[in-house]
Amino acid sequence: MNIILFGPPGAGKGTQGDKIVKKFDLHKVSTGDLLRNEIKNKTNLGNQIKSQMDEGSLISDNTINDLISKVLSNKKFNNRLIFDGYPRNLNQAINLDQQIKMNKQKISCVLSLNVDKDVVIKRISGRQTCTNCGLIFNEHYFPASNKNHSCDPKFLNKRSDDNENTIKHRFETYLDKTLPILNFYKEQNLFHQINGMAEIDQIFDEICGIIASLET
Ligand code: ADP
């Protein structure tokens with residue numbers, strides 16, 4: 001089973017992705033995380049992409065396709081992948097299709113989280129990620145406390161692209177480049193629409209229902 005999690009920035013793909021990984025023993029591939037790792041490790045690629053990431057523009061398809069082909073050819077993750085924030089445009093979707101077929105795998109479903117722009121902005125501007133354990137919190141909706149988080153609060157980090165100007169640009173890039181690829185998946189009957197503004201656990205229940213229906 002390979003799953004694509006689809007939706008605008010701040011739709012909750014990371015949060016739901018982590019829950020799906022735990023329950024169904026999948027491996028999450030977030031191209032955003034892979035790129036941020038390159039920046040953190042100050043690699044050549046990381047130095048090249050930092051300013052583009054900070055302004056919220058898409059990184060080149062060649063770079064993304066290279067990162068993805070390494071993951072897809074890794075037998076350890078065979079048919080156990082969940083893609084978060086990828087593919088981001090039609091070119092990437094077509095490339096993924098080709099690579100998936102080449103590796104004798106398939107996409108099982110595309111789960112699309114629907115969220116309004118004003119909610120996205122509020123969610124992202126309050127987002128905090130723990131650099132130690134990876135848990136995601138939100139200053140407005142789901143603040144970290146000693147009840148839900150055991151690491152030192154010093155590990156709570158705000159992403160450098162989570163500011164209001166960049167968020168607006170990321171949302172526009174999503175509407176312009178990413179949203180149109182839904183037709184590609186609708187034509188293949190892989191598309192499932194989910195209300196991303198419901199409670200976290202309610203969304204997760206809906207996702208589990210869809211995944212269960214795929215396996216029968
Ligand atoms: P969000 O979903 O909140 O935008 P991500 O971590 O998915 O967060 O992406 C952060 C940034 O990483 C994007 O604004 C973009 O610059 C880059 N990025 C991530 N995934 C891709 C991709 N598949 N193609 C091109 N750029 C990407």
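1. Is Lys177 buried, partly exposed or exposed? At 41% relative accessibility, Lys177 falls in the partly exposed class, where buried stands for under 20% relative accessible area, exposed for over 50% and partly exposed for values in between, computed with a 1.4 Å probe and protein chains only. Its salt-bridge partner is Asp176, with the closest N and O atoms 3.9 Å apart; a salt bridge here is a side-chain nitrogen of Lys or Arg within 4 Å of a carboxyl oxygen of Asp or Glu. Asp176 itself counts as exposed, with a relative accessible area of 52%.

2. The basis of these values should be kept in mind: this is a predicted model, in which local features need pLDDT of at least 70 and side-chain atom pairs count only at pLDDT 80 or more, while totals for chains, interfaces and linings use all residues. Residues are numbered from 1 along each chain as its sequence is written, and side-chain values use heavy atoms, with hydrogens and water left out.

3. The structure holds 14 salt bridges, and one of them pairs Asp25 with Arg80 at 3.9 Å, N to O. Asp25 sits in the loop between helix 1 (13–24) and strand 2 (27–30), and Arg80 in the loop between helix 4 (61–72) and strand 3 (81–84), so this pair ties together parts that are 55 residues apart in sequence. Helices (H or I, at least four residues) and strands (E, at least two) are DSSP runs, numbered from the N terminus. Asp25 counts as exposed at 52% relative accessibility, whereas Arg80, at 28%, counts as partly exposed.

4. A further salt bridge joins the side chains of Arg170 and Asp162 at 3.1 Å, N to O, and both of these residues are buried.

5. Around the ligand there are 21 residues, of which Thr31, Arg36, Ser57, Gln92 and Arg170 come nearest, a residue being near if one of its heavy atoms lies within 4 Å. This shell divides into 7 nonpolar, 7 polar and 7 charged residues, with Ala, Val, Leu, Ile, Met, Phe, Trp, Tyr, Cys and Pro counted as nonpolar, Asp, Glu, Lys and Arg as charged, and the others, Gly among them, as polar. Helix 2 (residues 31–40) supplies the largest share of the shell, 4 residues.

6. For the ligand's oxygen and nitrogen atoms, a polar side-chain atom of Thr31 lies 2.8 Å from a ligand nitrogen, and an N or O atom in the side chain of Arg88 is 3.1 Å from a ligand oxygen.

Technical notes:
A polar contact is a pair of N or O atoms within 3.5 Å; within protein, one must be able to donate a hydrogen and the other to accept it, and residues adjacent in sequence count only if both atoms are side-chain atoms.
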